[in-house]
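Biologist: Please take a close look at the aromatic pairs in this structure. Walk me through them in one go.

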Amino acid sequence: MNELVELLNRYAEEYYQLDKPSISDAQYDTLYRELVMLESEHPELTLPNSPSHRVGGKILDGFEKYRHTYPLYSLQDGFSLEELQAFDERIRKEFPQVTYICELKIDGLSVSLTYEAGQLVVGATRGDGSIGENITENLKRVQDIPLTLTQARDVTVRGECYMPKTSFHRVNIDRQEKGEAEFANPRNAAAGTLRQLDTAIVASRGLATFLYQEASPTDMTSQSQVLLELDKMGFSTNRDYYLASSISEVWDFIEKIAEKRSHLPYEIDGIVVKVNDLAIQEELGFTVKAPRWAIAYKFPAEEKEAEILSVDWTVGRTGVVTPTANLTPVRLAGTTVSRATLHNVDYIADKDIRIGDTVIVYKAGDIIPAVLRVVESKRASQEVMAIPTLCPSCQSPLMHYEDEVALRCINPHCPSQIMNRLEHFASRDAMNIAGLGSSIVIKLFKTGLVKDVADIYRLTTENLLQLEGFKEKSAQKLYQAIQSSKNNSAEKLLFGLGIRHVGSKASKILVTKFGHLEALAQAQVEDIAEIEGLGQVIAQSLVSYFTSQGAKELLVELKEAGVNLAYKGQVAITDGLLSGMTVVLTGKLERLKRSEAKAKLESLGANVVGSVSKKTDLVVAGVDAGSKLTKAQELDIEVKDEAWLESL
């Protein structure tokens with residue numbers, strides 16, 4: 001267990017922090033499963049820095065208030081060179097030889113991390129600077145926050161938790177496909193994520209951190225030394241800082257960063273300028289709100305005026321219809337922008353956006369061009385924008401449900417939806433058909449060779465050679481990729497079908513439980529809803545899908561084409577004595593190893609979990625069972641012993 005924890009944490013650092021993975025995802029997963037199995041057998045030996053603590057699934061009751069031992073101050077803002085010069089003059093009156101350290105101002109959420117003997121004990125938000133909220137469980141799901149330091153010391157550190165631009169883009173695409181309101185920017189996305197009560201959501205969103213301050217007393221002499229020390233302790237620190245001996249050097253650095261800002265993988269909104277010498281910092285002290293030894297230079301918000309020439313309405317694979325404005329071209333954050341998202345019909349109505357309007361355009365998260373607001377003084381059109389009532393792809397009536405912000409086409413034969421579904425089906429997380437991207441999907445659909453996912457498996461190399469740009473080698477390569485995908489385990493296929501609300505994680509849970517897609521297709525709502533981690537919404541969506549005639553025919557066609565419909569891992573038993581029951585093992589067993597007891601329970605159909613809840617049907621308790629047994633008794637859950645298990 002010690003060896004696995006050390007290895008897995010090192011591999012995670014290579015993957016998340018260094019971007020240089022030395023093993024494949026499959027190899028990592030194999031080692032991780034081995035560790036989880038050992039921890040279930042020997043929970044008393046689980047290490048505090050085990051990567052299993054980073055997995056989601058815990059539902060929090062709420063967040064407790066947390067009083068900071070060391071207050072978190074805000075920073076004085078500056079918006080011009082003149083304000084920076086005034087700051088410098090004030091400092092140099094007392095300390096003429098002062099030097100500054102310039103750090104990127106990450107646009108995220110301030111967090112405080114407290115460690116005792118090198119173990120993370122509290123992670124909290126800034127709050128009002130004196131009292132924040134204890135969000136330790138959520139911060140444990142941020143991959144680059146160390147659970148155990150390289151040194152067994154007591155320390156409190158400060159930093160910024162943020163959402164990288166790639167994570168922000170991925171999260172918003174997912175929300176758009178679900179008909180949910182998109183996050184306006186990465187900062188809002190990070191803040192909203194850390195406020196989630198479901199830690200699984202936090203774990204899935206790809207947050208990251210930069211630590212920049214040792215808040216507890218330190219023996220370092222400069223801020224630059226502090227950053228090096230934080231790095232040695234195992235924290236992520238931003239290496240893009242600069243030591244300056246004058247404000248003119250500070251300004252040169254600001255201008256340099258402003259030019260490359262749009263190319264950074266995270267969002268920044270300024271540069272923090274600090275006195276580098278910690279002894280001088282201490283002498284300068286604080287005002288009521290801010291340190292006298294620091295100033296935050298804020299970049300001017302990059303917003304441009306543009307005219308809306310027209311609006312395009314496009315259909316995604318789930319039927320969500322998204323409006324995009326065509327604009328007079330403007331230069332924004334380093335690129336020429338001629339299109340910008342209008343998000344959804346509710347956003348258009350709320351902002352009263354009309355064709356012909358002059359609008360303020362910005363880049364959400366410095367990535368996605370979006371319309372911020374209308375310049376009403378320049379309004380030319382008195383006509384409210386016409387919202388389509390028919391699908392732009394298939395002309396079917398559009399629906400605008402009360403619980404959604406999006407328009408939706410519900411025609412399963414809509415061409416745009418079909419092409420997007422085909423692309424999703426072939427994507428890496430689904431059937432992983434290399435070479436079957438968007439442009440090829442469009443060609444296959446428009447030539448009539450592929451109308452649904454089953455048609456993919458009817459393609460021959462001769463069919464592919466009909467497509468523009470295909471030669472013998474490229475046709476053979478794609479054909480082989482299609483054939484290889486037939487052997488995927490069924491969770492890849494289930495996710496590839498693009499059933500609403502059914503993601504890759506739910507797909508894995510479902511096929512593990514039912515073993516085969518034909519068995520899942522026969523399941524009732526209540527059979528699915530009672531599975532831990534799923535629920536009524538997913539259950540209803542699945543049953544609606546599989547009871548449709550189209551889905552029934554598709555499964556038959558896929559099976560006839562030789563596509564595997566079975567789960568290739570260990571299948572749950574559905575006809576055992578304990579089938580459908582959620583069971584918890586606790587305490588020390590005298591004759592069976594914990595792994596043997598778990599295997600026996602699973603062979604009888606039980607779903608063995610680690611914690612007792614209202615959903616638990618049975619607890620098997622050994623000696624010294626402790627709090628799990630107490631909770632089971634409080635909830636009036638049936639308790640059995642080791643002898644009972646052996647008797648089965």
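Modeller: Rings of Phe, Tyr and Trp (its six-membered ring) pair if their centres lie within 6.5 Å; planes under 30 degrees apart count as stacked, over 60 as edge-to-face and the rest as tilted. This is a predicted model, where local features need pLDDT of at least 70, side-chain atom pairs count only at pLDDT 80 or more, and totals for chains, interfaces and linings use all residues. Residues are numbered from 1 along each chain as its sequence is written, and side-chain values use heavy atoms, with hydrogens and water left out.

A search of the whole structure finds 13 aromatic pairs. Take Tyr 162 and Tyr 266: their ring centres are 5.8 Å apart and their planes stand at 65°, so this pair is edge-to-face. The pair links distant parts of the chain, 104 residues apart. Tyr 162 sits in strand E7 (residues 155–162). Tyr 266 sits in the loop between helix H9 (247–260) and strand E10 (268–275). Helices (H or I, at least four residues) and strands (E, at least two) are DSSP runs, numbered from the N terminus. Both Tyr 162 and Tyr 266 are buried, meaning under 20% relative accessible area, with exposed over 50% and partly exposed in between (1.4 Å probe, protein chains only).

Next come Phe 425 and Tyr 457, also edge-to-face, at 6.3 Å centre to centre and 80° between the planes. Phe 425 lies in helix H12 (residues 415–426) and Tyr 457 in the loop between helix H14 (453–456) and helix H15 (461–465), so the pair ties together parts 32 residues apart in sequence. Both Phe 425 and Tyr 457 are buried.

Finally, ring pairs link Tyr 73, Phe 286 and Trp 293 into a cluster.
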